[in-house]
Amino acid sequence: MQTIIEYVTFETDPKHSNEAVKQAIYQTDAILAQLDGFIKRDLAQRADATWVEVVYWRDMKSAEEGLATFIKDTRSAELFAMIIQSSVKIDYSNQF
């Protein structure tokens with residue numbers, strides 16, 4: 001079975017500190033922990049301030065359903081309010 005890697009990049013409104021964004025991201029750990037097929041998430045930030053989130057899923061179905069649930073969950077609202085929505089990019093790949 002191949003693991004799916006989800007790559008999410010986004011920018012945040014500069015009025016929010018990096019620490020506030022990290023707090024909002026980590027508050028969503030509880031959502032991910034409840035999702036079937038979730039394996040782990042890594043977080044990084046590029047020199048240009050773009051955030052990079054790498055999420056590992058058991059399979060593509062888990063990734064797609066997980067993303068849909070994550071978006072709808074009200075616990076994501078604080079994070080989404082900080083993100084410049086037009087900057088969000090999501091890609092997937094197979095890990096062998």
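The legends below describe several close-up views of one predicted model. Residues are numbered from 1 along each chain as its sequence is written, and side-chain values use heavy atoms, with hydrogens and water left out. Because the model is predicted, local features need pLDDT of at least 70 and side-chain atom pairs count only at pLDDT 80 or more, while totals for chains, interfaces and linings use all residues.

**View 1. The open sheet of four strands has the order 2-3-1-4, with antiparallel pairing.** The edge strands are strand 2 (38-45) and strand 4, each of which pairs on one side only, and from one strand to the next the twist averages 20°. Helices (H or I, at least four residues) and strands (E, at least two) are DSSP runs, numbered from the N terminus, and two strands pair if DSSP finds at least two bridges between them. Strand 1 (residues 3-10) and strand 3 (residues 51-57) run antiparallel and are joined over seven bridges; in this pairing, threonine 9 has valine 52 of strand 3 as its bridge partner. Helix 1 (residues 18-27) packs on the sheet and touches strand 1, strand 2 and strand 3, its direction making about 175° with that of strand 2. Contact here means heavy atoms within 4.5 Å, and axes are lines fitted to C-alpha atoms, for helices over the stretch in contact, with angles that run from 0 to 180 degrees between N-to-C directions.

**View 2. Strand 2 and strand 3 form a hairpin with five residues between the strands.** The two strands pair in the antiparallel sense over seven bridges, and glutamine 45 has tryptophan 51, in strand 3, as its bridge partner. In this hairpin, alanine 49 takes a positive phi near 80°.

View 3. Buried means under 20% relative accessible area, exposed over 50%, and partly exposed in between (1.4 Å probe, protein chains only). Glutamate 53 counts as buried because its relative accessible area is 10%, and arginine 41 is buried because its value is 15%. Leaving aside neighbours within four places in sequence, arginine 41 is in contact with several residues, among them Ile25, Tyr26, Leu32, Val54 and Phe70. Valine 55, also in contact with arginine 41, lies 14 residues from arginine 41 along the chain, and the C-alpha atoms of the two are separated by 4.3 Å.

**View 4. Lysine 40 and aspartate 42 meet through their side chains in a salt bridge.** The N to O distance of this pair is 3.5 Å. Lysine 40 counts as partly exposed because its relative accessibility is 38%, and aspartate 42 is likewise partly exposed, with a relative accessible area of 33%.

**View 5. Helix 3 (residues 60-72) holds both glutamate 65 and lysine 61, which form a salt bridge.** The closest N and O atoms of the two residues are 3.7 Å apart, and along the helix the residues stand four places apart, about one turn. Glutamate 65 is partly exposed, with a relative accessible area of 45%, whereas lysine 61 is exposed, with 57%. Alanine 68 also lies in helix 3 and counts as partly exposed because its relative accessibility is 34%. The C-alpha atoms of alanine 68 and tyrosine 7 are separated by 15 Å, although the residues are 61 apart along the chain.

**View 6. Val88, Ile90 and Tyr92 form a nonpolar patch on the surface.** Together the three residues have about 200 Å² of accessible area, a quantity that comes from the Shrake-Rupley method with a 1.4 Å probe, where, for residues, only the protein chains shown count as cover. Patches are made of residues with over 30% relative accessible area and no salt bridge, like charges being joined within 9 Å and nonpolar side chains (Val, Leu, Ile, Met, Phe, Trp, Tyr) within 5 Å. Tyrosine 92 is found in strand 4 (residues 89-95) and is partly exposed, with a relative accessible area of 30%.

Technical notes:
Salt bridge = Lys/Arg side-chain N within 4 Å of Asp/Glu carboxyl O.
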